[in-house]
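Please report on the structure shown here. Cover the charged pairs, selected residues and the overall build.

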Amino acid sequence: MIYFDNASTTKTSDKAAAAALRMMTELYSNPSNLHSFGFDCEKVITESKNTILKTLSSDGNLVFTSGGTEANNTVILGTAEAYKRKGRHFITTRVEHPSVAAAYKELERQGAEVTYLSLDEGGNISFDELKETVREDTVLVSLMAVNNETGTVNDLPQIYDIIKKKNPNTLYHADCVQAFCKHSINGKFADFITISSHKIFGTKGCGAIVFKKGLRFTPRILGGEQQNGIRPGTENTPGIAAFGAAASDLCDRISENYERVKAVKEKLFEITDILPDIEVNGKNTSPYILNLSFKGVRGEVLLHALEDRGIYVSTGSACSSKAKKNENTVAKIWGVPRGGSAVRFSFSSENTVEEAQEVKAVLAELVPQLRKFQRH
C-alpha cells in the first residue's frame, strides 16, 4: 500500500499509541480527582500542553478540544459572542475548511457581516485587499496557514502585521491544522491558533485552541470547571497524551522532515513533464500537498483506479466528501470542470521518493487509458 492521503489523516505513531494505551490501562483515573492517582493523570495533560506550546513558541493559553472542527467553531462563534459589543464584521475566504465556513454561515444567519476575500489565479489572498477590508468594527479574521486541499501557504506574520496596523483590536485566527509540526509556526503572529492531533500521527478525537493571554471567548459547551470552564467535560487523557507524544516526536525534526517531504513531492511532480494537460492547482504551496487536475479524467474515477493498485489519494477535504453537493476548493477557485478532475496527493515524513516514483509510473500508465475510455 502507498498512502498519499495524509492531509485526511495520518496513522497513529507507535509513540503516540503507547502514550494513549498507558492512559487507558495504567493512568486511567479522572484527572479532576483530588487524590494522587488523579494528579498523576493531570500531570500528563500539563506535560502535553507544555510540549505543544513549546512547539509553537507560545507563552499563551491552551484548551484541548475534540478536534479541529470543534476548535474552529469555538474560536469563531465564541469570539463573536464574547466581543459582540465591539462589532459584527468578520473576514475570511470561501476556501477555508468546512468547519470555518459553516461557522461563518451561522454568523451571517445571525445577522453578522462577513467579507470574503478574493483569491488570485494561484489561490492566494491579496494583502492590499486585506488591509482595505479591515475596519474599526472588524472583530475577527480567519485565514488558514496551509489550505487543506491545494496546500497554498499563507504568510502568518505578514497577515498579523497588516491586521494589527490597521486595527490593533481586530483578532486573527489561524487554522494551523495542516501546518502544525510540518511548518515552523511562531504563536506570537496569531491571536488564536487551532490544531489537530490526527494530522501529525496522533489519535483522532483530539485538537486544541492556543490563544494569547488576556483574550476570551464564550464557551460553546457548558458543564463543569475542567480547563477553567472554557471547555468543560472530562478530558480525553489518552488523546491528549498521544497528542503530546506526537508533537514531541516531530517538533525537533520540522526542518528535516520538510526537506524529506519536499523531495517526495518533487519526484511525483515530474508527472507533469511526462503527461500533457495536467494543471497544477495552487501556487506557493506546502511540500506536504500536491493538487493536480488531469484534463479529461474525473478525479473520482482516477482515485478508484489508483485504489485498485493499492495507492490511496483523495479528491478534496474528507470533511466534505460525503456532502450532497461536494464543491471542493479547486472548483471554487478555478471552476467546476477543473475541480471535478482534481486529485490531492498529500504526504507525511514516512513517505519515500521510491513511493513517489512508483505512483508516477502508475499515473503515466493509467491516465492515458482513462482519457481514451472517457472520450468514448
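Arg135 is partly exposed, with 30% relative accessible area. The model is predicted. In it, Arg135 pairs with Glu113 in a salt bridge, and the closest N and O atoms are 2.9 Å apart. Glu113 is also partly exposed, at 41% relative accessible area. The pair links distant parts of the chain. Glu113 belongs to strand β4 (residues 113-116). Arg135 sits in the loop between α5 (127-133) and β5 (138-142). The two residues are 22 positions apart.

**Other salt bridges**

The structure holds 19 salt bridges. A second one joins Lys164 and Asp191, with an N to O distance of 3.0 Å. This pair, too, links distant parts of the chain, with its residues 27 positions apart. Lys164 is in helix α6 (residues 156-166). Asp191 lies in the loop between β6 (171-175) and β7 (192-196). What are the two residues, buried or exposed? Lys164 has 18% relative accessibility, so it counts as buried, the cut-off being under 20%. Asp191 is buried as well, at 4%.

Arg253 is partly exposed, with a relative accessible area of 26%. Asp249 is partly exposed too, at 24%. Which residues do salt bridges with shared partners join into one network here? They are Lys15, Asp249 and Arg253.

The three pairs are set out below.

| Salt bridge | N to O distance | Relative accessible area |
|---|---|---|
| Glu113 and Arg135 | 2.9 Å | Glu113 41%, Arg135 30% |
| Lys164 and Asp191 | 3.0 Å | Lys164 18%, Asp191 4% |

**Two buried residues**

Thr74 lies in helix α3, which covers residues 68-82. Its relative accessibility is 6%, so Thr74 counts as buried, being under 20%. Which residues does Thr74 touch, leaving out those up to four places away in sequence? The contacts are Thr79, Ile209, Phe217 and Arg220.

Ile289 is found in strand β10 (residues 289-294). At 3% relative accessibility, Ile289 is buried. Its contacts, again leaving out residues up to four places away in sequence, come from several stretches of numbering. Ala7 and Lys265 are among them. Val146, Asn147, Asn148, Glu149, Thr150 and Gly151 also touch Ile289. So do Arg344, Phe345, Ser346 and Phe347. How far is the C-alpha atom of Ile289 from that of Ile159? The separation is 22 Å, for residues 130 positions apart along the chain.

**Positive phi in two asparagines**

Asn228 is not a glycine, yet its phi is positive, at about 60 degrees. Where does Asn228 lie? It is in the loop between β8 (207-211) and α7 (237-251). Asn228 has 69% relative accessibility, so it counts as exposed, the cut-off being over 50%.

Asn284 has a positive phi as well, near 60 degrees. This residue lies in the loop between β9 (278-280) and β10. Ile289, described above, is in strand β10. Asn284 is exposed, with a relative accessible area of 52%.

**The chain as a whole**

How many helices and strands does the protein chain have? It has 13 helices and 12 strands. The radius of gyration is 21 Å, close to the 21 Å that the globule rule gives for 376 residues, so the chain is as compact as a globular protein of that length. The C-alpha trace spans about 70 × 50 × 35 Å along its principal axes.

Of the 376 residues, 56% count as buried. Thr74 and Ile289 are among the buried residues. The chain exposes about 17,000 Å². Carbon and sulfur atoms supply 49% of that area.

What share of the contacts with a separation of 6 or more comes from residues 24 or more positions apart? The share is 74%.

Note on methods:
Residues are numbered from 1 along each chain as its sequence is written. This is a predicted model: local features need pLDDT of at least 70, side-chain atom pairs count only at pLDDT 80 or more; totals for chains, interfaces and linings use all residues. Side-chain values use heavy atoms; hydrogens and water are left out. Helices (H or I, at least four residues) and strands (E, at least two) are DSSP runs, numbered from the N terminus. The radius of gyration is taken over C-alpha atoms; the globule rule is 2.2 Å times the number of residues to the power 0.38. Buried means under 20% relative accessible area, exposed over 50%, partly exposed in between (1.4 Å probe, protein chains only). Contact means heavy atoms within 4.5 Å. Accessible areas come from the Shrake-Rupley method with a 1.4 Å probe; for residues, only the protein chains shown count as cover. A salt bridge is a side-chain nitrogen of Lys or Arg within 4 Å of a carboxyl oxygen of Asp or Glu.
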